[in-house]
Amino acid sequence: MITAPETSKPWAALRTHHEALAGIHLRDLFAEDPARFERYSFEACDLFLDYSKQRVDDETMSLLHALADSVDLHAAIERMYTGEKVNNTESRAVLHVALRNRSNLPIRVDGQDVMPAVNDVLARMRAFTTAVREGHWRGYTGQRIRTIVNIGIGGSDLGPAMVTAALHAYHQPGLQAYFVSNLDFTHIDETLESLDPETTLFIVESKTFTTQETLTNARTARAWLVRNLKDEAAVAKHFVAVSTNRDQVASFGIDPANMFEFWDWVGGRYSLWSAIGLPIAVMVGMDRFEQLLNGAHAMDEHFRTAPWQRNMPVLMGLLGVWYVNFFGAATHAVLPYDYGLRHFPAYLQQLEMESNGKRVTRHGEVVGYKTCPIVWGAPGNNGQHAFYQLMHQGTRLIPADFIVPVKHKHDDLAHQNAVLANALAQTEALMRGRTAAQARSELEAAGFSGELLDSAVPHRVLPGNQPTSTIVYDRLTPKVLGELIALYEHKVFVQSAIWGINAFDQWGVELGKQLVKVILPELTGAEPVTGHDASTNGLIEYVRQRRAR
């Protein structure tokens, strides 16, 4: 029986340790330990992690490792990797690691090796994407495909869109990709208005092929295509599906031979490694898609085998627990200084908050501690002119990850050095801050004196002591990106194991979906609306009145 985390000895020891460490500034930790950087940084796969600017010492890390042992993290990892049904509320295995299992060693669910099916879908993806990229797949009028439009939402949009943008340097010349997810008609309308129906291929991604947002947009795209090409038969040449619902796919007009399957052990937010990654593979080619898988597999093996002291996902997960549960941090910022990763924070919002935004344990007991923080962020240089002010002089503790390439897509040294200098300067400033004495000295050197000097000093003080990790890689290749995504996936799993929650369900989204089915017909109905709270009733009535004018 695993001890509840907040009643374990390591948890109690961490609480006591926090009381002693909380008042110590990072400046002092660096001053006391000249070798701090060497001791709190290491490389795994193609990623380098510097966590020396975290508010930790050797005792902190030892206690966090003990906390991981107290919940038997090793066993939890093995249960996931070996196909046990760790998603207990849905009685499902969780095997995104199988999708990128480049060793091809058997992984079994209910006694059956899933790898032959995984390899079969990869082979079908290769055949299809090659046909599109080489011009063998033609549209209804015989034109070559020049544009793909991915229609999905959540994991069927965020992951593929993020990776496709990140790997822009590897795109097939002459091919363009668009991603449509929002239910607002504006999104699909503004996408379609610039496209040529004769050269456009739609990829509809929905496991059930019933997702409201996806199917509404897909039907709009279908009507647009048929209206322009004037033949229902055109649908089969311009639409493919990633789904498990063969009947619904066929009813839509898509040839089931052009349906790419995945399995119930593939969670939506972990699905870009599956056929959900089809738009990625079209744009960068199957060889590079498999390099993405190779990178993730390398991180999978590191996570499964490395000791806690040098296990990157474990360390990042434990550090997150340290700030959420002992410092009371409510948010976590992700700040990539690589334009290719501009969508990475949005991707991580779903990955982390849909996974760990839970208030009950795996056994249904309400937790007595905080779980997932709010995840947010933006490309680094843009953020510096937006919200970094809050990080430097606000009243909240905001742990942050800085993600920094040594080299960029383009070999312009001036740009590269400017980006690197900004990233490193920000981590130093957040750690070091500026004392009142330093502010006074700088102001005096600038000519301030007397009352003006005294009044200016408080506004120049930066408390510092904001904890950051810096992740560095050489260049954003498919393999490096695979490693980076898998790193965060496993970090999320570590935290779910510590908190005793199920990271792989999302029951919190169900109630809203149920209420949509009730409210949707009421918006166009004539009967008085009385079945909701007064606010919702009133808003529905107000909308109907405004539309009637």
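Me: At what angle do helix H16 and helix H22 pack?

Reply: In this predicted model, H16 covers residues 344-356 and H22 covers residues 478-499. Their axes lie 10 Å apart. The angle between the two helices is about 25°.

Me: Are H16 and H22 roughly parallel or roughly antiparallel to each other?

Reply: Angles under 35 degrees count as roughly parallel, and those over 145 as roughly antiparallel. H16 and H22 pack at about 25°. The two helices are therefore roughly parallel.

Me: How many nonpolar residues belong to the contact of H16 with H22?

Reply: From H16, the residues that take part include Phe344, Leu348 and Leu351. On the H22 side, Leu484, Ile485 and Trp499 are among them. Beside 4 polar and 3 charged residues, the nonpolar ones number 9.

Me: Which helix makes a right-handed β-α-β unit with S10 and S11?

Reply: Strand S10 (residues 331-336) and strand S11 (residues 374-377) pair in the parallel sense over 4 bridges. Within this pairing, threonine 331 stands opposite isoleucine 374. The helix of the right-handed unit is made up of residues 344-356 and is named H16.

Me: How many charged residues does the contact of H7 with H14 have?

Reply: Helix H7 (residues 115-133) and helix H14 (residues 286-305) pack at an angle of about 145°, with axes 10 Å apart. Leu122, Met125, Arg126 and Thr129 in H7 meet residues of H14, including Asp287 and Glu290. By class, the contact has 5 nonpolar residues and 1 polar residue, while the charged residues number 3.

How values were computed:
Residues are numbered from 1 along each chain as its sequence is written. This is a predicted model: local features need pLDDT of at least 70, side-chain atom pairs count only at pLDDT 80 or more; totals for chains, interfaces and linings use all residues. Side-chain values use heavy atoms; hydrogens and water are left out. Two strands pair if DSSP finds at least two bridges between them. A crossover is right-handed if, with the strands pointing away from the viewer, the path from the first strand over the helix to the second runs clockwise. Axes are lines fitted to C-alpha atoms, for helices over the stretch in contact, and angles run from 0 to 180 degrees between N-to-C directions. Angles under 35 degrees count as roughly parallel, over 145 as roughly antiparallel, 65 to 115 as roughly perpendicular and the rest as oblique. Contact means heavy atoms within 4.5 Å. Ala, Val, Leu, Ile, Met, Phe, Trp, Tyr, Cys and Pro count as nonpolar, Asp, Glu, Lys and Arg as charged, and the others, Gly among them, as polar.
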